[in-house]
Amino acid sequence: MASYKPVVVQAVPKLGEKVTQDTLYWRGYKTPVQIKEFGAVNKIDFSPVPPYNYAVTASSRIHIYGRYSQEPIKTFSRFKDAAYCATYRDDGKLLVAGSEEGSIRLFDISGKAPLRQFDGHTKAVHVVGFLSDKYRIFSGGDDYSSNLWDIPSATEIVSYTEHTDYVRCGCASKLNGDVFITGSYDHTVKVFDARTKSSVMTIEHGHPVESVLLFPSGGLLVSAGGRYVKVWDVLKGGQLLVSLKNHHKTVTCLCLNSSGQRLLSGSLDRHVKIYSTTSYKVVHSFNYATSILSLALSPEDETIVVGMTNGVLNVKHRKPEESKEKSQKKRQPAYRTYVKGRNYMPKQEDFFVSKPGKCVLRKYDKLLKGFQSSKALDAVLEPHIRLYTPEVTVAVMQELNRRGTLRSALAGRDEKQISLLLTFVTRRVIEPRFTPILVTVADMITDIYQPVLGQSAVVDKQFLRLQEAIGREIDYQEELLEVLGMMDALFATLTKKKATYLEENTSNGLTNTLDQDMCN
């Protein structure tokens with residue numbers, strides 16, 4: 001008896017992923033390092049000066065990590081409750097952070113105890129940052145206020161109470177030392193000037209604002225809230241330039257790369273999207289295990305750090321570029337090169353002995369080997385096969401038809417199984433690669449279960465859907481045939497008929513005779 005041959009599944013070529021320069025660039029990171037924090041990571045901020053350490057705010061602590069350290073090299077833990085938004089100053093020497101109890105603390109990186117404490121907010125402070133003059137701090141809290149503080153005297157300069165809901169994000173202009181921006185859950189983004197007593201611009205985002213970002217040039221503002229990332233032209237009074245809706249859950253954080261040509265957004269849908277700032281199209285994306293709360297990119301894009309809701313810090317480092325000397329160095333032969341007979345080509349008189357490889361059969365192949373046709377068909381109608389690899393289901397149907405057992409495999413099924421079969425056939429019968437066998441399957445199902453029509457509303461509905469699908473496909477094919485006929489007629493009229501040799505001689509002779517008669 002011959003050995004069983006597994007079912008041959010027709011291989012269909014797939015289009016490869018389009019590889020661009022962005023794809024190669026953003027894939028150039030090593031396997032991520034994961035660090036567990038005490039709580040959800042609400043803020044990550046890189047120091048603007050070498051060695052580019054980064055501050056991670058989670059729970060009631062602020063941890064300072066070195067570029068390649070997996071343990072914190074310094075910790076600030078002088079908080080009674082949760083800490084928020086630890087941010088570096090432009091010189092990297094000072095760090096400011098808000099807290100749940102409403103106070104703002106200023107730390108020296110070289111020390112442990114706070115240098116200054118600013119009290120004035122009545123509720124939690126989620127937003128803090130330095131103005132570009134380095135001597136003032138702005139803040140925003142759950143008491144709806146946005147305040148400005150003087151560092152040397154530790155006093156409040158001005159308080160703005162224009163927001164009508166929690167202030168949860170903000171940023172400062174790097175060009176103007178008096179301008180800062182805050183975003184609130186009242187769906188607005190407000191631009192403040194420290195020289196005025198009220199906001200100078202209000203932008204309606206349309207959703208609770210989770211993050212704001214100002215381009216280095218100061219002309220463009222990006223706001224994130226809901227599923228939207230929106231870009232505004234500040235110089236034109238807050239005109240909306242583009243609205244991006246590439247996430248399917250709330251966008252929580254924004255970030256620019258070192259050149260300012262790529263915008264990164266993190267979301268609760270576990271994705272980081274990377275946009276081109278010229279076309280605002282997604283050029284690459286990263287996928288993470290859980291929802292993303294914070295995101296930061298180091299100078300020169302060497303490290304990308306993502307903080308998640310489960311307290312995990314995901315750190316990816318860029319792979320070092322190989323030096324030209326190493327790449328040009330001739331690679332030494334591996335051990336297998338010296339194995340005798342590796343490259344030997346058998347001659348005609350040689351007797352080749354091969355060790356038979358072990359063939360592992362799939363579940364449906366085992367059932368087919370045991371002549372269990374109905375169970376084999378059930379095996380390939382499982383959701384993970386019929387939805388993602390329908391070619392396997394069709395290949396088994398074709399094998400059953402070849403054996404002559406397809407009708408018996410389709411018979412004797414209940415309402416749920418019939419509905420499943422009809423759903424698969426209706427969805428896939430219009431695909432050219434599946435049409436020949438699925439038309440046969442549809443014909444057999446109709447013949448077998450025609451007597452039970454009218455007994456089940458579910459089955460009747462599936463038969464009607466199959467009829468509609470086949471009817472639409474027939475109409476479509478008729479229209480294509482009509483177009484093909486029109487094109488054939490059009491091409492026929494455009495084709496020039498070439499004269500034969502005999503016709504050329506006859507016409508030339510007739511012309512010569514007429515010329516002679518006219519001369520006479």
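Aromatic pairs and their labels

Modeller: The structure, a predicted model, holds 15 aromatic pairs, where rings of Phe, Tyr and Trp (its six-membered ring) pair if their centres lie within 6.5 Å. Local features need pLDDT of at least 70, side-chain atom pairs count only at pLDDT 80 or more, and totals for chains, interfaces and linings use all residues. Residues are numbered from 1 along each chain as its sequence is written, and side-chain values use heavy atoms, with hydrogens and water left out.

Colleague: Why is the pair of Tyr 166 and Tyr 185 called tilted?

Modeller: Planes under 30 degrees apart count as stacked, over 60 as edge-to-face and the rest as tilted; Tyr 166 and Tyr 185 have 45° between the planes, at 6.4 Å centre to centre, and are therefore tilted.

Colleague: What makes this pair a tie between parts of the chain?

Modeller: Tyr 166 lies in the loop between strand 13 (155-160) and strand 14 (167-172), and Tyr 185 in the loop between strand 15 (179-184) and strand 16 (188-193), so the pair joins parts 19 residues apart in sequence; strands here are DSSP runs (E, at least two residues), numbered from the N terminus.

Colleague: Is Tyr 185 buried, partly exposed or exposed?

Modeller: Buried means under 20% relative accessible area, exposed over 50%, and partly exposed in between (1.4 Å probe, protein chains only), so Tyr 185, at 21%, is partly exposed.

Colleague: What makes Phe 180 and Phe 192 a stacked pair?

Modeller: Their planes are 25° apart, with 5.3 Å centre to centre, and both residues are buried.

Definitions and conventions. Helix = DSSP H or I, 4+ residues; strand = E, 2+ residues; numbered from the N terminus.
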